[in-house]
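Look over the structure first.

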Amino acid sequence: MFDQIGLIFSTLVRGLPVTIAATLGGIALTVVLSFVAGLALLAPSRTVRFLSRVYVEGFRGTSEMVQLFWIYFVLPVLVGFELVPLFAGILVLGLNHGAYGAEIVRGAVQSVPKAQYEGAIALSLSPAQRMLRVILPQAVVEMLPSFNNLFIQLLKSTALLYFISAEELTERGQLLAPSLPIAQLVPIYVIELLFYLLLAVLITVGMRALERVGARRLGRRAPRRRSTPPVTAGGV
Amino acid sequence: MNWDWDYAIDSLPLLFQGIVVTVELTVLGALLAYALGLVLALVRQVRVPVLSQLVYLFVEFIRSTPLLIQVFAFYYLLQPALGLRLSPFVTGFVMLGIHYATYTSEVYRAGIDAVPKGQWEAARALSLPRGRVWTGVILPQAVPRVLPSLGNYTISMFKETPLLLAIGVLDVLNRAQEAASETFRYVEPVTLAGVFFLLVSYPASILVRKLERRAGTV
């Protein structure tokens, strides 16, 4: 029944590097934007706070698909140069999830006990030292579980790159599908879904390792995992 | 290239039809997600042997794989295999509902876990039948608490509906594309599609935040 499984597997595997590149690129951009925008949400300057708020609400309030279409189809018309699909994808993934990540960073920084700020001030650390040496090391550990969920959302969103023909996993499968009889579609979707599942597990394993490292550096024991509901995918 | 107001206004009626479809999909999908999610959560809580484990695997699997592929698999594979002929619209809201049911089931579970243990014990002391414990004691306390989370998922569902254009659902983004493909002008319709999303989801999120303040989050 599954006589073409070799062909299906090799076709799908060729899409895997693009999916992984989009995921890693998206994660890198997400982390940068999360910290920049998240800390900007806590900035003393009203203007900075306002600009960051506009970015966060703007990207959380509109659909990721619309953002993708906008950057891929509209932006080239406005600025006159076209983006490579993969690059446009990374940009959208990063911008969109960075907006969610900004709220994670803000929440974690605010959750650091106030005494830590006061202690840092009493030791007359400069504001930069206070942030980098005292607040962030504690806040980052708080952020990691939420970022884990966010990165998995991001991984799942890479499937949207299908719409801009980035030749990633989902698109490879869809290009292959029409040439095969229905029974042959089973392995396509099963293999695709298993690939995504595998990548999701890898992300989780990596983030758990980071959590342990972070907790150890704070001299805490790694937290016992409670069953928490996943961070909302959306919700402005 | 500049912004053409006349063209933008011309494309509004089409976009408006699209946003209505998007909202319909969201509402129907959300109702399905609320109901199915509760069923999934109860099956796991009541610990039906085998079934509970299957539900757990199902929830984890659906949650960690992309909705787009699930939609494809349902539309091109499962549906012909089962001999169904559902329209893209029905497929769309059913898949949205199933996908988000796995999220809402976790939300309900957290809500049920948050009901104090004394409530269970009191219900048992009153020797209420098991069904009454759920419908009369646990759920009336658990569900209001999770309403804000359900609201948040509804908003994110709303923002995920455009991916249904992959199977030809005429939502707001697909309408925008339709308008653009006639004139080769993407700027106005796609931008307006974004504005439409913001116009619905921003007030909705403010509403959810109000709900949050009133309910006290889980």
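How much area is buried between chain B and chain A, and what percentage do carbon and sulfur atoms give? About 3800 Å² is buried, with 75% from carbon and sulfur atoms. Buried area here is the accessible area (1.4 Å probe) that two parts lose on being put together, summed over both. The model is predicted: local features need pLDDT of at least 70, side-chain atom pairs count only at pLDDT 80 or more, and totals for chains, interfaces and linings use all residues. Residues are numbered from 1 along each chain as its sequence is written, chains are lettered from A and ligands numbered from 1 in the order written, and side-chain values use heavy atoms, with hydrogens and water left out.

**Interface**
- Chain B brings 43 residues to the contact and chain A brings 42; contact means heavy atoms within 4.5 Å.
- On the chain B side, B:Ile69, B:Leu77 and B:Lys159 lose the most area to chain A, together 16% of what that side buries.
- One salt bridge is counted between the chains; the term means a side-chain nitrogen of Lys or Arg within 4 Å of a carboxyl oxygen of Asp or Glu.
- B:Arg209 pairs with A:Glu57 in a salt bridge, the closest N and O atoms being 3.7 Å apart.

**Helix 9 of chain B**
- Helices are DSSP runs (H or I, at least four residues), numbered from the N terminus.
- The 29 residues of helix 9 of chain B should span 42 Å at 1.5 Å a residue, and the end C-alpha atoms are 42 Å apart, which agrees; the expected span is 1.5 Å times one less than the number of residues.
- Buried residues of this helix include B:Phe196, B:Phe197 and B:Val208; buried means under 20% relative accessible area, exposed over 50%, partly exposed in between (1.4 Å probe, protein chains only).
- The buried residues of helix 9 of chain B pack against elements of both chains, among them helix 2 (46-61) and helix 3 (64-79) of chain A.

**Salt bridges**
- The structure holds 12 salt bridges over all chains.
- B:Glu106 meets B:Arg63 at 3.8 Å, N to O.
- That pair links distant parts of the chain, helix 5 and helix 3 of chain B, 43 residues apart.
- B:Glu106 also forms a salt bridge with B:Arg109, at 3.0 Å between the closest N and O atoms.
- B:Glu106 is buried at 5% relative accessible area, and B:Arg109 counts as buried at 16%.
- A:Glu118 and A:Lys114 form a salt bridge at 3.8 Å; A:Glu118 is partly exposed at 45%, whereas A:Lys114 is exposed at 63%.

Conventions
Helix = DSSP H or I, 4+ residues; strand = E, 2+ residues; numbered from the N terminus.
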